[in-house]
Amino acid sequence: MKIKYTKAEEFMNQLIDFLINQDVKYRRNVKLSDFSSISIGGIADIVVYPDTDGKFISLLDFLAERDLPFRVIGNMTNVLPKDEEMDTVFVCTLAYNAFSFSENTLFANSGAMFSHLISKAAERSLSGYESL
């Protein structure tokens, strides 16, 4: 499958070069139904996995500057992807899962698993997250 915008191959080659240079992992021709919680979804031409703030921001800037369509996805539990080929770049947050504590405050990236955060907060005797 090829992305169907003008100069699709050129854009894809530029994107892959960018990902390699930025050390961002990616996969091509991904069956989204393999990741969807209800096993639906077609083929994504490319799914990228930034794992730091800098990589995430640089990637979004790169896509926006070239007017490339993209969708940000996580664990695919609240997403209903089409059962067809999709001409968009999927930015997956699963690798963007770092978190830290500063005194009684928890800071977490969007890919951090909530159950893990609750467990780590409880280990530090922080409460209030359990009911979320």
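**Figure 1. Surface and overall extent of the predicted model.** The accessible surface of the protein comes to about 8,100 Å², and 48% of this surface belongs to carbon and sulfur atoms. The structure shown is a predicted model. Taken along the principal axes, a box of roughly 55 × 35 × 20 Å is filled by the C-alpha atoms. The protein has 132 residues, of which 35% count as buried. The mean positions of its 13 positive and 18 negative charges lie 4 Å apart.

**Figure 2. Secondary structure and contacts along the chain.** Three helices and six strands make up the secondary structure of the protein. Along the sequence, these elements follow the pattern α-β-β-α-β-β-β-β-α. Among contacts with a separation of 6 or more, 50% are accounted for by residues 24 or more positions apart.

**Figure 3. The largest nonpolar core.** This core has 16 residues, and those touching the most other members are Leu15, Leu19, Ile46, Val48, Leu59 and Leu63. Two or more residues each come from α1 (8-21), β2 (43-49), α2 (53-65) and β4 (86-92). The greatest contribution, five residues, is made by α1. In soluble globular proteins, nonpolar side chains tend to be buried together.

**Figure 4. The surroundings of Leu63.** When residues up to four places away in sequence are not counted, Leu63 touches Leu15, Leu68, Phe70, Val89 and Val91. Both Leu63 and Leu15 are among the residues of the largest nonpolar core that touch the most other members.

Terms used. Residues are numbered from 1 along each chain as its sequence is written. This is a predicted model: local features need pLDDT of at least 70, side-chain atom pairs count only at pLDDT 80 or more; totals for chains, interfaces and linings use all residues. Side-chain values use heavy atoms; hydrogens and water are left out. A nonpolar core is a set of buried Ala, Val, Leu, Ile, Met, Phe, Trp, Tyr and Cys residues joined through side-chain atoms within 4.5 Å. Buried means under 20% relative accessible area, exposed over 50%, partly exposed in between (1.4 Å probe, protein chains only). Helices (H or I, at least four residues) and strands (E, at least two) are DSSP runs, numbered from the N terminus. Contact means heavy atoms within 4.5 Å. Accessible areas come from the Shrake-Rupley method with a 1.4 Å probe; for residues, only the protein chains shown count as cover. Lys and Arg count as positive and Asp and Glu as negative; His and the chain ends are not counted. The place of a charge is taken as NZ of Lys, CZ of Arg, CG of Asp or CD of Glu.
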